[in-house]
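This report describes selected features of a single protein chain.

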Amino acid sequence: MANIAFIGLGNMGGPMAANLVKAGHKVTAFDLVAASRDQAKADGAGIAESGVASVKDADTVVTMLPAGKHVLSVWSEVVPAMKKGALIIDCSTIDVASAKEAHALAAKHGMASVDAPVSGGTVGAKAATLTFMCGGEDKAFAAAKPVLEKMGKKLVHCGAAGAGQAAKICNNMILAISMIGVGEAFALGEKLGLSHQALFDVASTSSGQCWALTTYCPVPGPVPTSPANNGYKPGFASALMVKDLTLAQDAANSTGAATPLGKHAQEIYKAFDAAGNGGVDFSGIIQHVRALAGK
Ligand code: NAD
């Protein structure tokens with residue numbers, strides 16, 4: 001089994017590192033927050049006193065951090081301290097430009113690298129059922145596969161450096177737009193006297209069918225496991241959706257792509273977030289849509 005360093009033990013990284021321990025790997029972990037380090041220790045990981053110390057003997061290094069600036073700062077410290085030819089994987093959701101910069105830094109020091117953002121949220125992180133969207137050279141992806149497979153159930157090699165991040169922001173832009181669309185349909189159905197269940201039964205088996213409706217239905221009842229049945233407790237918090245939509249808009253602006261609905265979705269989620277709902281599940285956007293009635 002491999003020696004793995006894991007840096008960033010938050011809501012996602014903590015359970016992901018625990019799954020690598022469960023798979024029999026020797027995991028050496030680091031986070032700035034003491035409580036996260038304590039949890040990783042309780043999960044069976046070894047704890048290092050810094051990011052640099054964690055990577056010394058690692059064959060593979062995994063980072064799971066908030067944003068591009070954290071990834072570049074951590075990678076610029078740890079990459080020079082890694083064993084020659086080791087592999088570094090970033091699973092955070094970050095901008096494509098920072099991801100490419102991180103790959104270039106790894107290449108400069110002779111390390112293989114993969115950007116591998118995830119879909120599946122904290123539930124998927126705990127259950128090891130994440131989807132990984134990967135970018136990097138074929139050889140690096142092949143080396144990352146056995147490690148990622150212990151934390152997820154689906155891996156897609158999307159292309160060269162940064163392609164995983166590109167796929168992630170495009171996917172989440174679809175999700176945000178479709179969740180607002182589903183919310184609008186239920187809000188209109190309510191005004192028309194249509195029951196939630198009737199609309200669900202029709203749309204989930206008709207051309208309106210989508211993941212936001214069938215797996216994550218934003219009204220309580222039709223899909224008992226969706227956050228709507230649990231006071232819109234995340235799940236996937238609206239603040240994180242704003243983050244991903246902003247990454248998508250930055251990418252659209254820098255490439256000149258037209259994303260009118262992506263832009264509008266960003267504005268809608270930003271307004272929801274600004275009203276104090278950043279910690280509410282993103283499917284709670286239906287409440288914001290209802291509140292727009294008559295305005
Ligand atoms: P989080 O804030 O819970 O965890 C981030 C961790 O990184 C924190 O524990 C923090 O202390 C640590 N950290 C920050 N700087 C550090 C440094 N220099 N050295 C060591 N540790 C450092 O965030 P999260 O929910 O675990 O998300 C992590 C990434 O995954 C984000 O990029 C997020 O967008 C993405 N993501 C999150 C979800 C989700 O549902 N939470 C889903 C998909 C993707």
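## Packing of helices H4 and H5

In this predicted model, Gly68, Val71, Leu72, Trp75 and Ser76 of H4 are in contact with Ser98, Glu101, Ala102, His103, Leu105 and Ala106 of H5. The residues that form this contact of H4 with H5 comprise 6 nonpolar, 4 polar and 1 charged.

Two packed helices are described by the angle between their axes and the distance between the axes. For helix H4 (residues 68–78) and helix H5 (residues 96–108), the angle is about 5° and the axes are 9 Å apart. Angles under 35 degrees count as roughly parallel, and H4 is therefore roughly parallel to H5.

The chain is divided into domain 1, covering residues 3–160, and domain 2, covering residues 166–292. Their contact draws 12 residues from domain 1 and 8 residues from domain 2. The C-alpha centres of domain 1 and domain 2 are separated by 29 Å.

Between them, domain 1 and domain 2 bury about 730 Å², and 66% of this area is on carbon and sulfur atoms. On the domain 1 side, the residues losing the most area to domain 2 are Thr93, Val96 and Met133, which together account for 51% of what that side buries. The number of salt bridges between domain 1 and domain 2 is 0.

## Surroundings of Val96

When residues up to four places away in sequence are not counted, Val96 touches Gly162, Gln165, Ala166 and Ile169.

A further position gives a sense of distance along the chain and in space. Val96 and Val219 are 123 residues apart in sequence, and their C-alpha atoms are 34 Å apart in space.

## Salt bridges

Side chains of opposite charge can pair when their charged atoms come close. In the model, the count comes to 3 salt bridges. One of them joins the side chains of Asp59 and Lys83, with an N to O distance of 2.9 Å.

This pair links distant parts of the chain, its members being 24 residues apart. Asp59 is in the loop between helix H3 (51–55) and strand S4 (60–63), whereas Lys83 is in the loop between H4 and strand S5 (87–90).

## Backbone features in loops

Which residues other than glycine have a positive phi? Ala128 is one of them, with phi near 60°. Ala128 is located in the loop between helix H6 (121–127) and strand S8 (130–135). Tyr232 is another residue other than glycine with a positive phi, near 60°, and Tyr232 lies in the loop between H10 and H11.

The peptide bond from Pro234 to Gly235 is cis, with omega near 15°. Gly235 is in the loop between helix H10 (211–214) and helix H11 (238–255).

Methods:
Residues are numbered from 1 along each chain as its sequence is written. This is a predicted model: local features need pLDDT of at least 70, side-chain atom pairs count only at pLDDT 80 or more; totals for chains, interfaces and linings use all residues. Side-chain values use heavy atoms; hydrogens and water are left out. Axes are lines fitted to C-alpha atoms, for helices over the stretch in contact, and angles run from 0 to 180 degrees between N-to-C directions. Helices (H or I, at least four residues) and strands (E, at least two) are DSSP runs, numbered from the N terminus. Angles under 35 degrees count as roughly parallel, over 145 as roughly antiparallel, 65 to 115 as roughly perpendicular and the rest as oblique. Contact means heavy atoms within 4.5 Å. Ala, Val, Leu, Ile, Met, Phe, Trp, Tyr, Cys and Pro count as nonpolar, Asp, Glu, Lys and Arg as charged, and the others, Gly among them, as polar. Domain bounds come from an automatic or database domain assignment. Buried area is the accessible area (1.4 Å probe) that two parts lose on being put together, summed over both. A salt bridge is a side-chain nitrogen of Lys or Arg within 4 Å of a carboxyl oxygen of Asp or Glu.
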